[in-house]
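Hello,

Please find the structure below. My notes on strands and aromatic side chains follow.

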Amino acid sequence: MSLTTEDVRKVARLARLAMNEAEIDAARSQLSGIFELIAEMQAVDTRNIAPMSHAQDVSQRLRADVVTAQNEREAFQAIAPQVEAGLYLVPQVIE
Amino acid sequence: MKWEIVIGLEVHAQLSTQTKIFSGASTAFGAEPNTQADAVSIALPGVLPVLNKGAVERAIQFGLAVGAHIAPRSVFARKNYFYPDLPKGYQISQFDLPVVGMGAMTIQVEPLSGNAKPYEKVVRITRAHLEEDAGKSVHGATQGMTGIDLNRAGTPLLEIVSEPDMSSAAEAVAYAKTLHSLVRWIGICDGNMQEGSFRCDVNVSVRRAGEPLGTRREIKNLNSFKFMQQAIDYEVQWQIDTLENGGKIQQATILFDPETGETHAMRSKEDAHDYRYFPDPDLLPLDISPEFIEQMRAKLPELPEARRTRYTENYALSAYDANALTATREMADFFDACLAATLSPSPSPAGGRGEQVAKMCANWLIGEVSAQLNRDGLDMTTCPITPTQLSGMLVRIADNTISNSGAKDVFRVLWAEGGDADAIIEAKGLKQVSDSGAIEALVDEIITANAEKVAEYRSGKDKLFGFFVGLAMKASKGKANPAQLNEILKAKLAG
């Protein structure tokens, strides 16, 4: 399976990636290579194998519901580009 | 043209954990901005999520309460989302393998209009899944900037998705109210709608009878039942008008404006719904063992439906009373405690009259107690009188020590000053006279002193009966047992 330039543009837009023509072209050929590999793997018979959601076959450890975090706002906000009244400031978000 | 309304709900219930779903930061409401936003909440590079057991427990309890299948293995997924209120660039949620599968809930619908009677309906719950909440955006701080408070980011939510089983605003509101009551009942969510602990999204579509489903529009973030009803009513009418005028409905996300009572579409972005979910590689699958499920089942309190059945079957209470008593768990617990205390003194004056006493308890709770709570802006958790105090008074009604009007006086004092019923009855001299000899003597006196009126009464002026009752009550300083007084008076007046 080979991707079109339009496919790559759409994926880039969904992932909020700004890409120029050369990058789109490179990504198109790399992604197409990955899809070819996937197509090759489709040939493997997996009918009796339960799909895994993680590469490791172990399950999630659970944490006790106890507060362990301290207030580190000052340290975190020291490296923020802009803060005001304890809020992180970002360019205006319009809904 | 007959239109059918199809409604499904997605409810976000904030789980009542101490900490966030994937980190040990506090979830307490109302803290200073970002003081509860730890490295995980603000998505510093290199942090990893660790799942909160308390959130999983609550999800399981909910599933059990609606008779749902609990997935032995469920999976967390990333939902891509590009707003600064979730700085990771995605929300951790569940997609194809949610923790809670198909369940159902019975709702009691009170039709909003006309003479339609209340009825029951079963609403299916498609699924419920765990996910994290986003932070809050504060607009209008610095010009051209948005302030971000990430205290709420990472708060555990249970998103409860219903089937499109509701066909009116009344049913949608009844479902939301029943769900709201249930999550509080089992203690997994505080249900505070003003603080956003229980938020409803409502999917609405209309179709002509018998036709396939119409295109739906989703009303987002309704935080009151009243707004929900107004929003649905407006939206349904808007959709019908649009279709009848030859228009088409576009799938859209819409907001309800309580000021105007109207709904309007949010600016919808192309691809906005292309979330590209994929399993989160930072989280392993969540395995839930049968033992874990049984532990959670053992922790569940008796559920509202079971309690309603117990009230109607054991105490012959009406469905209306049973519903009112199970509106909240606090109310139902108060009723149970009060009833037990009233029936317990041995030998109880109320003994062997379980149904009657239950009805009396129910009447006082649904009537006087609820009215007072309302008047004082309180609820059951802050009720100034205890079940034992109320029971002390009910016992004295049951054994005829006080009349109902005397009881109202006792109740007022209990409410305002506390204390116990017997002492109040004593101090206020509210003990009613049930000694028939004393009442007879009193009635005899009245009959003698009012020979003229008695003659009128006996010649057919029945209305005078009330006049005699008034005199007798006055003579007894309001203490005569009213039922007994009526009986004696009737007999004596008959001559």
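An open sheet of 4 strands has the order β2(A)-β3(A)-β9(B)-β8(B), with antiparallel pairing. Its edge strands, which each pair on one side only, are β2 (83-84) of chain A and β8 (136-139) of chain B. Strands here are DSSP E runs of at least two residues, numbered from the N terminus, and two strands pair if DSSP finds at least two bridges between them. Between β2(A) and β3(A) (residues 87-91) there are 2 bridges in the antiparallel sense, and A:Val83 has A:Tyr88 as its bridge partner in β3(A).

This is a predicted model, in which local features need pLDDT of at least 70 and side-chain atom pairs count only at pLDDT 80 or more, while totals for chains, interfaces and linings use all residues. Residues are numbered from 1 along each chain as its sequence is written, chains are lettered from A and ligands numbered from 1 in the order in which they are written, and side-chain values use heavy atoms, with hydrogens and water left out.

Strand β4 of chain B (residues 76-80) is mostly covered, with 5 of its 5 residues buried; buried means under 20% relative accessible area, exposed over 50% and partly exposed in between, with a 1.4 Å probe and protein chains only. In a regular strand, side chains alternate between the two faces of the sheet. In β4(B), B:Phe76, B:Arg78 and B:Asn80 point one way, and B:Ala77 and B:Lys79 the other. β4(B) runs antiparallel to β5(B) (residues 90-94), joined by 5 bridges, and B:Arg78 stands opposite B:Ile92 there. β4(B) is also joined by 2 bridges to β15(B) (residues 278-279), again antiparallel, where B:Pro279 is the bridge partner of B:Ala77.

The charged end of B:Lys79 sits over the ring of B:Tyr275, 4.3 Å from its centre (the criterion is NZ of Lys or CZ of Arg within 6 Å of the ring centre and within 35 degrees of the ring normal).

Over all chains, the search finds 13 aromatic pairs. Rings of Phe, Tyr and Trp (its six-membered ring) pair if their centres lie within 6.5 Å; planes under 30 degrees apart are stacked, over 60 edge-to-face and the rest tilted. B:Tyr275 and B:Tyr277 have ring centres 6.1 Å apart and planes at 75°, so this pair is edge-to-face. B:Tyr275 is partly exposed at 23% relative accessible area, and B:Tyr277 is partly exposed at 26%. For B:Tyr457 and B:Phe465, the centres are 6.3 Å apart and the planes at 35°, so that pair is tilted; both residues are buried.

Regards
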